[in-house]
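Welcome! Take a look at the sequence and the 3D model below, and then we will walk through them together.

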Amino acid sequence: FMKDPASPTILILVDGTCVFCNRLVAFILRRDACGIFRFAHLQGEVARSVLGRHGLMPDIDGIYAVTGFGEKDEHVWLDGQAGRQIWPRLFPWAVLLRFVPLFLLNWQYRVFAKVRYRLFGQATTCIAPSATERPRFLD
């Protein structure tokens, strides 16, 4: 899937201690050959700064997508809306997410977030990216 030259970079804020979340980041990295996505841990300074600009507190059970990072049109998307920003850029068929009611997408993200540690485990510290992945991480 090729990046549209007009397509902006998207910053994804994820729980750095969640084993599933880190596997999800690796999954996205493998499929994002065009370099659309950047990452930061919710426990880090970048996330605190971005969310603070929008009057938000980091929610470890949320997934965030930030479009226009650092620009005046910066926007933070949470849960289902974040999914609508991320998945269609990796899988063209995922544009169908716009037809799923947002309350259902949000519910699905929140239910999974509540059980992810039990299903996949939790690291005691944020997992560090490899040397090849490091340029895609902001903190």
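**How the helices pack**

The axes of helix 3 and helix 4 come within 8 Å and cross at roughly 95 degrees. Axes here are lines fitted to C-alpha atoms, for helices over the stretch in contact, and angles run from 0 to 180 degrees between N-to-C directions. This is a predicted model: local features need pLDDT of at least 70, side-chain atom pairs count only at pLDDT 80 or more, and totals for chains, interfaces and linings use all residues. Residues are numbered from 1 along each chain as its sequence is written, and side-chain values use heavy atoms, with hydrogens and water left out.

**Helix 3 with helix 4**

- Helix 3 and helix 4 are therefore roughly perpendicular to each other (65 to 115 degrees; under 35 is roughly parallel, over 145 roughly antiparallel and the rest oblique).
- On the helix 3 side, Gly 80, Gln 81, Gly 83, Arg 84 and Trp 87 make the contact, and helix 4 brings Leu 102, Leu 105, Asn 106 and Tyr 109 (contact means heavy atoms within 4.5 Å).
- By class, this contact of helix 3 with helix 4 has 4 nonpolar, 4 polar and 1 charged residues (Ala, Val, Leu, Ile, Met, Phe, Trp, Tyr, Cys and Pro count as nonpolar, Asp, Glu, Lys and Arg as charged, and the others, Gly among them, as polar).

**Helix 1 with helix 4**

- The axes of helix 1 and helix 4 come within 8 Å, crossing at roughly 95 degrees.
- Helix 1 and helix 4 are therefore roughly perpendicular too.
- Val 19, Phe 20, Cys 21 and Arg 23 of helix 1 meet Phe 112, Arg 116 and Phe 120 of helix 4.
- The residues of this contact of helix 1 with helix 4 divide into 5 nonpolar, no polar and 2 charged.

**Helix 1 with helix 3**

- Helix 1 and helix 3 (residues 80–90) have axes that come within 10 Å and cross at roughly 40 degrees.
- That angle makes helix 1 oblique to helix 3.
- The contact joins Leu 24, Phe 27, Ile 28 and Arg 31 of helix 1 to Ile 86, Trp 87 and Leu 90 of helix 3.
- In this contact of helix 1 with helix 3 there are 6 nonpolar residues, no polar ones and 1 charged.

**Where the helices sit in the numbering**

- Helix 1 spans 19–31 and helix 4 spans 102–120 (helices are DSSP runs, H or I, of at least four residues, and strands are E runs of at least two, numbered from the N terminus).
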